Amino acid sequence: MRPPVTELWCDRCGEAAAAGPHEACAAARALEPPRYCARCRRRMKVQVLPVGWSAVCVEHGEIRG
(Lines give C-alpha, C1' and ligand atoms only; values in the text may rest on other atoms or scores of the structure.)
Protein backbone atom coordinates (compact mmCIF):
# COMPACT_ATOMS: atom_id res chain seq x y z
CA MET A 1 0.00 0.00 0.00
CA ARG A 2 1.31 3.44 -0.95
CA PRO A 3 1.64 6.14 1.69
CA PRO A 4 -0.69 9.13 1.28
CA VAL A 5 0.56 11.94 -0.94
CA THR A 6 1.81 14.81 1.17
CA GLU A 7 2.23 18.15 -0.55
CA LEU A 8 5.13 19.77 1.24
CA TRP A 9 6.04 22.32 -1.42
CA CYS A 10 4.17 24.90 -3.50
CA ASP A 11 3.95 23.55 -7.06
CA ARG A 12 4.34 27.03 -8.55
CA CYS A 13 7.11 28.78 -6.59
CA GLY A 14 8.80 25.78 -4.96
CA GLU A 15 8.72 27.23 -1.45
CA ALA A 16 7.39 25.36 1.59
CA ALA A 17 3.61 25.00 1.46
CA ALA A 18 3.38 25.78 5.17
CA ALA A 19 5.32 29.06 4.72
CA GLY A 20 2.17 31.01 3.91
CA PRO A 21 -1.12 31.04 2.04
CA HIS A 22 0.49 31.35 -1.43
CA GLU A 23 -2.52 33.34 -2.70
CA ALA A 24 -0.64 34.69 -5.73
CA CYS A 25 0.51 31.17 -6.59
CA ALA A 26 -3.03 29.80 -6.36
CA ALA A 27 -4.31 32.58 -8.65
CA ALA A 28 -1.56 31.95 -11.19
CA ARG A 29 -2.11 28.17 -11.09
CA ALA A 30 -5.64 28.73 -12.39
CA LEU A 31 -4.01 29.63 -15.73
CA GLU A 32 -0.56 27.97 -15.61
CA PRO A 33 0.75 24.41 -15.17
CA PRO A 34 2.78 23.51 -12.07
CA ARG A 35 6.53 24.16 -12.24
CA TYR A 36 7.75 22.24 -9.18
CA CYS A 37 6.85 18.80 -7.84
CA ALA A 38 4.76 19.31 -4.69
CA ARG A 39 6.19 16.12 -3.17
CA CYS A 40 9.95 16.56 -3.69
CA ARG A 41 10.47 20.19 -4.86
CA ARG A 42 12.22 19.17 -8.09
CA ARG A 43 11.76 21.41 -11.09
CA MET A 44 9.52 19.57 -13.56
CA LYS A 45 9.68 19.33 -17.33
CA VAL A 46 6.49 21.08 -18.49
CA GLN A 47 4.92 20.90 -21.93
CA VAL A 48 1.97 23.14 -22.82
CA LEU A 49 -0.30 21.79 -25.54
CA PRO A 50 -3.36 23.30 -27.26
CA VAL A 51 -5.60 20.89 -25.30
CA GLY A 52 -3.87 21.15 -21.89
CA TRP A 53 -0.47 20.50 -20.34
CA SER A 54 1.75 17.76 -18.96
CA ALA A 55 4.42 18.02 -16.27
CA VAL A 56 6.97 15.30 -15.51
CA CYS A 57 8.91 14.82 -12.27
CA VAL A 58 11.85 12.42 -12.65
CA GLU A 59 11.00 10.91 -9.25
CA HIS A 60 7.17 10.91 -9.20
CA GLY A 61 6.15 10.70 -12.85
CA GLU A 62 3.72 12.63 -14.99
CA ILE A 63 0.64 14.70 -14.22
CA ARG A 64 -1.70 16.22 -16.79
CA GLY A 65 -4.16 19.03 -16.82
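Ala, Val, Leu, Ile, Met, Phe, Trp, Tyr, Cys and Pro count as nonpolar, Asp, Glu, Lys and Arg as charged, and the others, Gly among them, as polar. With those classes in hand, let's look at some close-ups of this predicted model.

**View 1. The lining of the largest pocket.** This pocket has a volume of about 200 Å³. Its lining is made up of 13 residues. Sorted by class, they come to 8 nonpolar, 2 polar and 3 charged residues. Which residues lie nearest the centre of the pocket? They are Cys37, Ala38, Arg39, Met44 and Ile63.

**View 2. A charge over a ring.** Here you can find Arg43 together with Tyr36. The charged end of Arg43 sits over the ring of Tyr36, at 5.1 Å from the ring's centre. As for pairs between aromatic rings, the count in this model is 0.

**View 3. His22 and its contacts.** Look for His22 in the segment before helix H1, which spans 23-29. What does the side chain of His22 reach? It reaches the backbone oxygen of Ala16, at 3.0 Å. Leaving aside residues up to four places away in sequence, His22 touches Cys10, Cys13, Glu15, Ala16 and Ala17.

View 4. Most residues other than glycine have a negative phi. His22, although not a glycine, has a positive phi of about 55°. Arg41 is not a glycine either, and its phi is positive too, at about 70°.

Conventions
Residues numbered from 1 in each chain as written. Predicted model: local features only at pLDDT ≥ 70, side-chain atom pairs only at ≥ 80, totals over all residues. Heavy atoms only, no water. Phe/Tyr/Trp six-rings, centres within 6.5 Å; stacked < 30°, edge-to-face > 60°. Lys NZ or Arg CZ within 6 Å of the ring centre and 35° of its normal. 1 Å grid on protein atoms, 1.4 Å probe; cavity = no way out; pocket = protein on both sides within 12 Å on 5 of 7 lines; lining within 4 Å. Points joined across faces, edges and corners; volume = space filled by probe spheres on them. Helix = DSSP H or I, 4+ residues; strand = E, 2+ residues; numbered from the N terminus. Polar contact = N/O pair within 3.5 Å; in protein donor to acceptor, adjacent residues only side chain to side chain. Contact = heavy atoms within 4.5 Å.
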